[in-house]
Structure formats: structure tokens, C-alpha cells
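User: I would like to learn how to read the packing of helices and the layout of a sheet. Could you take me through it step by step?

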Amino acid sequence: MSDADDIERHPCPRCGAEAGSPCRSRGGAVAGAYHTGRFTKVPRLAKLLRVPTPADRGPGQPWPPVTPPPAPIDPDTPTADIRIGYARCSTLGQELDSQLDALAAKNIPRDKIFAEKISTRVRVRPAFEAALSAAREIKAHAPHCRVILTVYEMKRLGRDAAELTALADHLSAHGLVLEMLAGPLAGMYDSSGTAGCCSRSSRRWRRPSGRPSGSPRLKG
């Protein structure tokens with residue numbers, strides 16, 4: 001974790017920037033350096049006179065509030081499962097309650113369940129993208145944990161084989177696990193090591209044991 005990441009874990013007592021954001025100048029731009037009262041909260045930086053704002057934070061650019069990153073987890077914390085839930089139905093007239101109940105039964109907090117009423121024909125599904133983004137962020141901050149994207153059944157994700165294959169490759173690339181609670185593919189699908197969620201060569205879903213699930217091949 002960089003100096004900037006450690007500093008931005010704390011709000012700034014001088015400019016009021018919330019955790020996750022760089023410091024703000026009086027003119028409303030990203031400050032060129034972090035304020036002293038903020039960076040001295042990081043013990044290893046406490047004796048420095050100045051800590052410049054990194055270029056990737058856009059010093060001099062209009063200051064944007066940023067969503068705080070997940071709190072870092074102590075490396076000594078035992079490996080744990082962290083679930084992100086996703087629920088979807090196609091029309092406003094359909095209900096999500098049964099999916100939400102099934103996800104809640106897996107002890108997924110409500111703020112970690114992303115739900116929407118949108119057709120799989122829509123290429124960009126905001127809640128689905130938000131669920132993937134949350135899973136990636138958590139995995140980045142807690143690489144020792146198994147981060148699981150949990151859905152009720154496969155058709156909540158999509159009906160197109162190419163789309164599902166692309167999703168499997170995305171999960172594999174980010175070290176995420178897919179879990180389906182019902183349907184012909186119910187079970188956990190690991191995306192690490194030899195038990196890939198979907199092998200590029202075989203295009204088959206695999207369970208964490210490494211054995212093919214017995215489901216039809218997903219042809220890209």
C-alpha cells in the first residue's frame with residue numbers, strides 16, 4: 001500500500017476531505033500536497049515536513065469526492081469467505097424477494113447485495129457492474145480471502161454462452177469465485193489454479209475440486 005493510500009484512510013481535519021479522497025485546496029482543486037494534520041496520522045510519515053499528492057490523484061484538477069476504499073484487513077487475519085450477492089429479474093412486474101431471501105440465507109449483508117430489474121439483453125447492467133467492482137476491490141484489499149460472487153442461478157447472469165464465458169474469464173483473471181445456489185449448475189466454481197472457473201481451452205465450468213461439473217460445454 002502506498003503512502004497516499006495510507007494517508008487517505010483518514011479524513012483531513014483541515015480541508016474536510018473524507019477518507020478515500022486527496023486533500024482539497026481552498027480553490028476547490030486537488031491540493032498539491034497532503035495537509036500536515038492528515039499525513040502525520042500515519043506513524044512512518046509523522047516526521048516528514050511535506051508529502052506531495054501523487055500524479056494519479058490529479059493535483060490541480062477539480063477535487064472529486066471519492067468513495068472510501070474498503071478498510072484493509074490485517075494480514076494475520078485467518079482466511080475467510082467474503083460474499084457479494086447479485087439478484088436480477090427482467091421486468092418491473094417480477095419480484096426479487098425469493099432471490100434476496102436466498103442470498104440473505106448465505107449471511108450476505110444487505111449492503112453487499114446488488115439487485116436490479118433489467119433484461120439480460122441490456123449490455124450494461126449497473127447493479128451487476130457494481131457487484132463485480134465491489135468484489136474486485138475487496139479481493140485487492142484482502143487477497144488472502146476467498147471473495148465469492150453469489151447468485152441464485154445461472155440465468156440471473158445471462159443467457160448468452162459467449163457472455164457467460166467472458167464473465168468466467170473475468171472472474172478468473174481477478175481471482176474471484178462464482179457461486180450459484182440453484183439450477184443445473186448449483187455449486188461453487190473456483191477461479192484459481194487448476195480448478196479454473198472456465199478453462200479457455202475446454203470452455204467447461206469446473207468445481208473447486210477440479211472435476212468437470214457435468215454441465216454442457218459453454219461454447220464461445
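User: How are helix 4 and helix 5 oriented to each other, roughly parallel or roughly antiparallel?

Analyst: Angles under 35 degrees count as roughly parallel, over 145 as roughly antiparallel, 65 to 115 as roughly perpendicular and the rest as oblique. Axes are lines fitted to C-alpha atoms, for helices over the stretch in contact, with angles from 0 to 180 degrees between N-to-C directions, and helices (H or I, at least four residues) and strands (E, at least two) are DSSP runs numbered from the N terminus. Here the axes of helix 4 (residues 126-141) and helix 5 (residues 161-173) cross at roughly 25° and come within 11 Å, and the two helices are therefore roughly parallel. This is a predicted model, in which local features need pLDDT of at least 70, side-chain atom pairs count only at pLDDT 80 or more, and totals for chains, interfaces and linings use all residues. Residues are numbered from 1 along each chain as its sequence is written, and side-chain values use heavy atoms, without hydrogens and water.

User: Which residues make the contact between helix 4 and helix 5?

Analyst: Contact means heavy atoms within 4.5 Å; helix 4 contributes Phe128, Leu132 and Arg136, and helix 5 contributes Leu167, His170 and Leu171.

User: In what order do the strands of the sheet lie?

Analyst: Two strands pair if DSSP finds at least two bridges between them. The five strands form an open sheet with mixed pairing, in the order 2-1-3-4-5, and strand 2 and strand 5 (187-189) are the edge strands, each pairing on one side only. Strand 1 (residues 81-89) pairs with strand 2 (residues 113-117) in the parallel sense over five bridges, and alanine 87 has alanine 115 in strand 2 as its bridge partner.
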